[in-house]
Amino acid sequence: MFAMLLFTAEEYDRRNMLRIHRRKLRDATDPFDMPDSRFRELYRLSKTTANILLLELSPHMTKGVRKTFIPQPLRMCAALHFFATGSFHRDIGQDFAASVCRSVVCRSVLQIADILEQKLMSKWTKFPNISDYDAIKDLRVSGG
């Protein structure tokens, strides 16, 4: 019985140290510090475009007061990575650029998608109206 309690305490200490190590790694990680080619590979956007997007998203994102709160750039990049690949189970937890857990990715994706839909889509997306359709038809007919 004592050996089992000792093993449990050792396992708890090991997991706690790993958790602290991951938090320090995450807090010291800035996805914008990586080379542009790697950034584009992970997030499918250039750093410049991602910075512009972050400036647009920041006023609408929640701001944390706890020291364990995930910074906005990391949450945005976690969501971008999910949007780019459609997966987070395989690589987001292992990736040094955004070492966050699955639940953080899920919350980030939900928040970022909601902000994009509710606040930014009308600013960046324009659907054609009837007169635009006529202009498009004229371009297609004339070969332009």
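**Salt bridges, a buried glutamine and a surface patch**

At 21% relative accessibility, Glu 56 is partly exposed. The value comes from a predicted model. The side chain of Glu 56 forms a salt bridge with that of Lys 123, at 2.9 Å from N to O. Glu 56 belongs to helix α3 (residues 47-57) and Lys 123 to helix α5, so the pair ties together parts that lie 67 residues apart in sequence. Lys 123 is exposed, with a relative accessible area of 52%. Side chains of opposite charge can pair when their charged atoms come close.

The search of the whole structure found two salt bridges. Another salt bridge links the side chains of Arg 38 and Glu 41, again with an N to O distance of 2.9 Å. An α-helix has 3.6 residues a turn, so residues three or four places apart point the same way. Arg 38 is partly exposed, at 27% relative accessibility. Glu 41 is also partly exposed, at 49%.

Helix α5 spans residues 102-124 and includes Gln 111. Gln 111 has a relative accessibility of 18%. It counts as buried because this value falls under the 20% limit. The side chain of Gln 111 makes a polar contact of 2.9 Å with the side chain of Arg 75. Beyond its neighbours within four places in sequence, Gln 111 is in contact with His 60, Met 61, Thr 62 and Arg 75.

Arg 75 is itself buried, and its place is in α4. Other buried residues of α4 include Leu 74, Met 76, Cys 77 and Leu 80. Helix α4 covers residues 72-85, 14 residues in total. From first C-alpha to last, α4 reaches 20 Å. This is close to the 20 Å expected at 1.5 Å a residue. After α4 comes Gly 86, with a positive phi near 80°.

A nonpolar patch lies on the surface. It is formed by Ile 130, Tyr 133 and Ile 136, which together have about 320 Å² of accessible area. Ile 136 is in helix α6 (residues 130-142). With a relative accessible area of 42%, Ile 136 is partly exposed.

Terms used. Residues numbered from 1 in each chain as written. Predicted model: local features only at pLDDT ≥ 70, side-chain atom pairs only at ≥ 80, totals over all residues. Heavy atoms only, no water. Patch = residues over 30% accessible without salt bridge, like charges linked within 9 Å, V, L, I, M, F, W, Y side chains within 5 Å. Areas by Shrake-Rupley, 256 points an atom, 1.4 Å probe, with all protein chains shown as cover. Salt bridge = Lys/Arg side-chain N within 4 Å of Asp/Glu carboxyl O. Helix = DSSP H or I, 4+ residues; strand = E, 2+ residues; numbered from the N terminus. Buried < 20%, exposed > 50% of the residue type's maximum accessible area, 1.4 Å probe, protein only. Polar contact = N/O pair within 3.5 Å; in protein donor to acceptor, adjacent residues only side chain to side chain. Contact = heavy atoms within 4.5 Å. Expected span 1.5 Å × (residues − 1).
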